[in-house]
Amino acid sequence: ATQVAPPRRDAPRRPPPYTPGYGYEEPPPKRRRWAPWLLVALLLAGAAFAGWYVFTKIQDQLDANATVPVPGVVGLQEANAKNLIEKAGLTPKVQRTADKEVKAGIVISQNPDGGVRIQKGDQVTIVVSTGVPKTTVPDVVGLDYADAVDKLNEFNLNARKREVFSKKPEGQVVSQNPRADEVVPEDSTVVLKVSKGQATANVPDVIGQSESSATDTLQAAGFKVQSVQSPCDSQPAGFVCAQSPDGGTEATKGSTVTITVSSGPSSTTVPNVVGEQKETAQDDLQNAGFKVKVMNVPVSDPTQDNVVQDQDPNGGESAPKGSKVTIYVGQF
């Protein structure tokens, strides 16, 4: 059903917000409120800072917990290996050891191995070669060769023998190279000079030579010479009539050879053989060290046949041994 609405009443007019004055005036400007906007801006800035801070912390935590692959550095120089490890965000730790095959300064091994993933900042240990193992040479001078070899083996060293003439006992070590207390690589060779006794040489035969000639000959052969003077019937004065050691024998080089230099024939009393039979007189004179010359002289008495009538030198006189005594034998 429809109904006719009653007619609307006009609403009463509101009075103007301002009192009209004389003439026309603009309404006063409205005051803007900026404090709420400042507060909002501060809140937004604080929220942004807090978000950034939280994000940074979370990112740091994620970075801290992130894993990275360990670079493989075996076979590299120490400096290069450390540089690669540090670039990967890891901390290198160096240990050193001797190695017979790997050159000094080269990485022998690492832990963890290359390719293993670990957290950033973790430690990677690398073992760097210091080269061939070294040892200190012991003092073996004065030891028997076999004992010296055993001692060198205890220090991982080898021995090489060189025999030399020496006054030291045979088989004793007289010198070594390298010397004691030197530091050398293990398995090095130490040369040992080992005495084989004193050098020997053949002694020249100088009997019959003059003293000066004999001395020169013996010294040239490596011997010292000692001279003694003695009467000698076999050699004239000034000539060698004996030597020790004998010529042709072996003697130590540098040892002394004694030579006996004749001071002339020795003198002795001539036996008196006048009145003796020729044969008896000859024996007596020869036994006294004289040579005998027989001269026959005629005799008129048959009892004086083959009897010494005279002699020269006379009996009782002194004469050099080996000199000649003449006997005059009667011949009927």
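**Figure 1. The salt bridge between K100 and D187.** At 55% relative accessibility, K100 counts as exposed, because exposed means over 50%. This predicted model pairs K100 with D187 in a salt bridge, and the closest N and O atoms are 3.7 Å apart. K100 belongs to the loop between β2 (91-97) and β3 (107-111), while D187 belongs to the loop between β9 (183-185) and β10, so the pair ties together parts that are 87 residues apart in sequence. D187 has a relative accessibility of 44% and therefore counts as partly exposed. In general, side chains of opposite charge can pair when their charged atoms come close.

**Figure 2. Two further salt bridges.** The structure holds four salt bridges, and two of them are shown here. The side chains of K161 and E163 form one, with an N to O distance of 3.7 Å. K161 is partly exposed, with a relative accessible area of 40%. A salt bridge also joins the side chains of R179 and E182, at 3.9 Å from N to O. R179 counts as exposed at 60% relative accessibility, whereas E182, at 32%, counts as partly exposed.

**Figure 3. Helix α4 and what covers its buried residues.** Which residues of helix α4 (residues 211-220) are buried? They are A214, T215 and L218. Seen down the axis of α4, these buried residues fall within an arc of 100 degrees, so they line one face of the helix. An α-helix has 3.6 residues a turn, so residues three or four places apart point the same way. The cover over the buried residues of α4 includes β12 (224-230), β13 (240-244) and β15 (256-262). On the other side of α4, D216 and A220 are exposed. Just after the helix, G222 takes a positive phi of about 95 degrees.

**Figure 4. A nonpolar surface patch that includes V54.** The residues F49, W52, Y53 and V54 make a nonpolar surface patch of about 460 Å². V54 is placed in helix α1 (residues 35-65). With a relative accessibility of 45%, V54 counts as partly exposed. The view should be read with the confidence of the prediction in mind. In the chain, confidence is lowest in α1, at a mean of 75, and highest in strand β10 (residues 189-195), at 97. The chain averages a pLDDT of 88, and 88% of the residues score at least 70.

Figure 5. Is T326 buried or exposed? T326, which lies in strand β20 (residues 324-331), counts as buried at 14% relative accessibility, because buried means under 20%. Leaving aside neighbours within four places in sequence, T326 is in contact with K293, M295, D310, Q311 and D312. For the chain, 25% of its 332 residues count as buried. Residues 24 or more positions apart account for 69% of the contacts in the chain with a separation of 6 or more.

**Figure 6. The loop that holds G121.** G121 is found in the loop between β4 (117-119) and β5 (123-129). Its relative accessible area is 44%, and G121 is partly exposed. Apart from neighbours within four places in sequence, G121 is in contact with G89, L90 and T91. The C-alpha atoms of G121 and T67 are separated by 9.5 Å, although these residues are 54 residues apart along the chain.

**Figure 7. Two cis peptide bonds.** N111 and P112 are joined by a cis peptide bond, with omega about 0 degrees. P112 is placed in the loop between β3 and β4. Another cis peptide bond, again with omega about 0 degrees, joins S244 and P245. P245 lies in the loop between β13 and β14 (250-252). Most residues other than glycine have a negative phi, and most peptide bonds are trans.

Figure 8. D181 has a positive phi of about 80 degrees although it is not a glycine. This residue lies in the loop between β8 (173-177) and β9, and D181 counts as exposed at 64% relative accessibility. What is the phi of N306? It is near 70 degrees, a positive value in a residue other than glycine. N306 is found in the loop between β17 (291-298) and β18 (308-312). At 22% relative accessibility, N306 counts as partly exposed.

Terms used:
Residues are numbered from 1 along each chain as its sequence is written. Side-chain values use heavy atoms; hydrogens and water are left out. Patches are made of residues with over 30% relative accessible area and no salt bridge: like charges are joined within 9 Å, nonpolar side chains (Val, Leu, Ile, Met, Phe, Trp, Tyr) within 5 Å. Accessible areas come from the Shrake-Rupley method with a 1.4 Å probe; for residues, only the protein chains shown count as cover. Helices (H or I, at least four residues) and strands (E, at least two) are DSSP runs, numbered from the N terminus. Buried means under 20% relative accessible area, exposed over 50%, partly exposed in between (1.4 Å probe, protein chains only). Contact means heavy atoms within 4.5 Å. The arc is that of the directions from the helix axis to the C-beta atoms. pLDDT is the predictor's confidence in each residue, from 0 to 100.
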